[in-house]
Amino acid sequence: MHQDDQLSAGSVVRRWFLAFYGVLVGSLTAVPDLLLSVLGVGVVRMTGVELRRIARYGGSVHLDPLTSLRCRRYLGVRWVVGGMGAGVVLMLLLYVTTALSMLTAWLFDGRWGLVRDGDEVSTQLIAVAVLPGALLIFVTLAGISGVAVLDRWLATRMLGTDPQTLLRQRVAELTSTRAEVIEAIDDERRRIERDLHDGVQQRLVALGMLIGRARRAKDDEQLQQLLRQAHETAGETIHELREVATRVYPAVLDDSGLAMALEALADRAGVRVEVVNTLEKPPGAALAAVIYFVVSEAVNNAAKHADPSLVEVCVWREEDDIKVQVRDNGTGGADASGTGLSGLARRVAAVDGYFEVTSPLGGPTTISARVPCG
């Protein structure tokens, strides 16, 4: 517990010194801020200097796009904060210097202190001055922190978005995303139900009828023909069941990973597919499933509706994101609001990603997704 207290105290002291350096540097830029805001030149660059100073000593600021007008207004007000910082720094230096002078004079009888023999300082005077002097130093110490907070608040207020506003926006976004995910799950469930009802169930009914006819066959030739048909129907049913299971979750993702799953997808697609996957490390299971379904739906849509001769799939990592791009040379005109693509958009949004469809008439169609991997 004692060690934690030391770490906490050290952290507070460190933050105060960072704030002091930030206020000190900010006080030196107060006059340039005023001049540039009056002249209206170099305001964007000077604003960048101020924002880098604030980020270094006080924390980053969430910014909206900077414009010359906004930067000029900001600098026109910021110089006042810089002037306040200069005043607080000078007061602190004055009070500390005075306190050291009086303490030195008292301890060393003025021989080495800033107060000379001719200006003797009595013990009573120092005792009386200790309390208000300590209060003044404390107030100026707190003033440094206050000016630093005011400096960052001003930049956020005039150039960016308030953290509370960002938090409310994020909560609204997550609430919307949750509703979209629930809707996507319901759509996927209904799609699986349709596949089972219209596909697998019909084939099983046909298989049962063939077996029934085989049991009532009068001769061996008719029996063998019905059994062959039943065998073919059973094979088609198994294949369709596998397709439905793959659309729910491809087992190859768990067995062999994303790279092999994409290669298997390309092999069984009804169109030529080229896959370029430059990921050095496989993503987690949730992200791998999202990437797979983006590629799968895009390839299936292209093969079904666009009649392309080639579909190119690229997966790569860029900084803290994984990017996916599926491009085909088909007829274009893909509807981003359709069931399949809108479901993909909701699936990508569920992992805080970005999804875009570009498909002019005549092609090409490009489906892009970006998912965070950090």
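Glycine 363 is buried, with a relative accessible area of 19%. Buried means under 20% relative accessible area, exposed over 50%, and partly exposed in between, using a 1.4 Å probe and protein chains only. This is a predicted model: local features need pLDDT of at least 70, side-chain atom pairs count only at pLDDT 80 or more, and totals for chains, interfaces and linings use all residues. Residues are numbered from 1 along each chain as its sequence is written, and side-chain values use heavy atoms, with hydrogens and water left out.

Glycine 363 sits in the loop between strand E4 (354-358) and strand E5 (365-372). Helices (H or I, at least four residues) and strands (E, at least two) are DSSP runs, numbered from the N terminus. In sequence, glycine 363 and glycine 333 are 30 residues apart; in space, their C-alpha atoms are 7.0 Å apart. E4 and E5 form a hairpin with six residues between them. In that turn, glycine 362 has a positive phi of about 95°.

## Strand pairing around E5

Two strands pair if DSSP finds at least two bridges between them. E4 and E5 pair in the antiparallel sense over five bridges. E3 (residues 321-328) is joined to E5 by eight bridges, and these two strands also run antiparallel.

How many of the eight residues of E5 are buried? Six are, so E5 is largely enclosed by the rest of the structure. As background, side chains in a regular strand alternate between the two faces of the sheet.

Strand E1 (residues 273-277) runs parallel to strand E2 (residues 311-318), with five bridges joining them. Asparagine 277 stands opposite valine 315 in E2. Between E1 and E2 the chain passes through helix H10 (residues 285-306), and this β-α-β crossover is left-handed. The reference for handedness: a crossover is right-handed if, with the strands pointing away from the viewer, the path from the first strand over the helix to the second runs clockwise.

E2 and E3 run antiparallel and are joined by eight bridges. Glutamate 312 stands opposite arginine 327 in E3. The hairpin of E2 and E3 has two residues between the strands. There, glutamate 319 takes a positive phi near 60°.

Aspartate 307 follows H10. Aspartate 307 lies in the loop between H10 and E2. Its phi is positive, about 50°, although aspartate 307 is not a glycine. Aspartate 307 is exposed, with a relative accessible area of 68%.

## Aromatic pairs

Rings of Phe, Tyr and Trp (its six-membered ring) pair if their centres lie within 6.5 Å; planes under 30 degrees apart count as stacked, over 60 as edge-to-face and the rest as tilted. The count comes to five aromatic pairs. Tryptophan 16 and phenylalanine 17 form an edge-to-face pair, at 5.1 Å centre to centre with 85° between the planes.

Tryptophan 16 is buried, at 17% relative accessible area. Phenylalanine 17 counts as partly exposed, at 40%. Ring pairs link Trp16, Phe17, Phe20 and Tyr21 into a cluster.

## Polar contacts

A polar contact is a pair of N or O atoms within 3.5 Å; within protein, one must be able to donate a hydrogen and the other to accept it, and residues adjacent in sequence count only if both atoms are side-chain atoms. Arginine 53 belongs to helix H3 (residues 43-58) and is buried at 8% relative accessibility. A polar atom of the arginine 53 side chain lies 3.0 Å from the backbone oxygen of glycine 22.

Serine 37 lies in helix H2 (residues 30-39). Serine 37 counts as buried, at 9% relative accessibility. Its side chain reaches the backbone oxygen of leucine 34 at 2.7 Å.

## Cysteines

A disulfide is a pair of cysteine sulfur atoms within 2.5 Å. The count here is zero disulfides. Cysteine 71 is buried, at 0% relative accessibility. Cysteine 314 is partly exposed, with a relative accessible area of 25%.
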